[in-house]
Amino acid sequence: MANRPSKGRGSDERSSTAVFGGLMIAALEQGVQRLRAKNDELGQVWSALREGRPPRIDTLTLEQVVTFFVDNKGSVPDATAGAAVRRAEGDGYLVHLVYLDAQGQPLLDGGRGAPTRSYLADRLDEELAEAFGAHDALLLS
């Protein structure tokens, strides 16, 4: 009998396990809620793309804009630059991302099609807003 844990110690271990388990369950539930929200957001983006309309996002960042052009450059050998063009749309912005040829023309048609992307953004991050400044077009080369 001397090798058995005391009732007090065993009950402390069980209560701390229960508290720890409760915290784990709460954290898991929060994680599941965040995943569901992201899934809903992704579903809205895919739906918008299937319907040919730009997806609505909360904040468009300069990093997202630059990443689009860097990631797709290999598929557009005629491109010499990229352009981001914004237009006020309701309380936010409609932003189009297009590649440009050496004459500054968008690579959209005539067999020279290139990836494009558009977003309906509720806001632009500070860096992107600063890059646009007072202009509605931003040239990236």
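Trainee: Where is the place of D125?
Mentor: This is a predicted model, numbered from 1 along each chain as its sequence is written, with local features needing pLDDT of at least 70, side-chain atom pairs pLDDT 80 or more, and totals for chains, interfaces and linings using all residues. Side-chain values use heavy atoms, without hydrogens and water. Helices (H or I, at least four residues) and strands (E, at least two) are DSSP runs numbered from the N terminus. D125 sits in the loop between β4 and α3.

Trainee: Which side chain of opposite charge is nearest to D125?
Mentor: Lys and Arg count as positive, Asp and Glu as negative; His and the chain ends are not counted. D125 is buried (under 20% relative accessible area, 1.4 Å probe, protein chains only). D125 has no salt bridge (a Lys or Arg side-chain nitrogen within 4 Å of an Asp or Glu carboxyl oxygen). At 9.8 Å, the nearest side chain of opposite charge is R86.

Trainee: How far is the backbone nitrogen of L62 from a polar atom of the D125 side chain?
Mentor: Leaving aside neighbours within four places in sequence, D125 is in contact with T59, L60, T61 and L62 (heavy atoms within 4.5 Å). From the L62 backbone nitrogen to a polar atom of the D125 side chain is 3.3 Å.

Trainee: How many residues has the largest nonpolar core?
Mentor: Such a core joins buried Ala, Val, Leu, Ile, Met, Phe, Trp, Tyr and Cys through side-chain atoms within 4.5 Å. L60 and L128 are among those with the most contacts inside it. L128 also touches L60, not counting residues up to four places away in sequence. The largest core's residue count is 19.

How values were computed:
Buried < 20%, exposed > 50% of the residue type's maximum accessible area, 1.4 Å probe, protein only. Polar contact = N/O pair within 3.5 Å; in protein donor to acceptor, adjacent residues only side chain to side chain.
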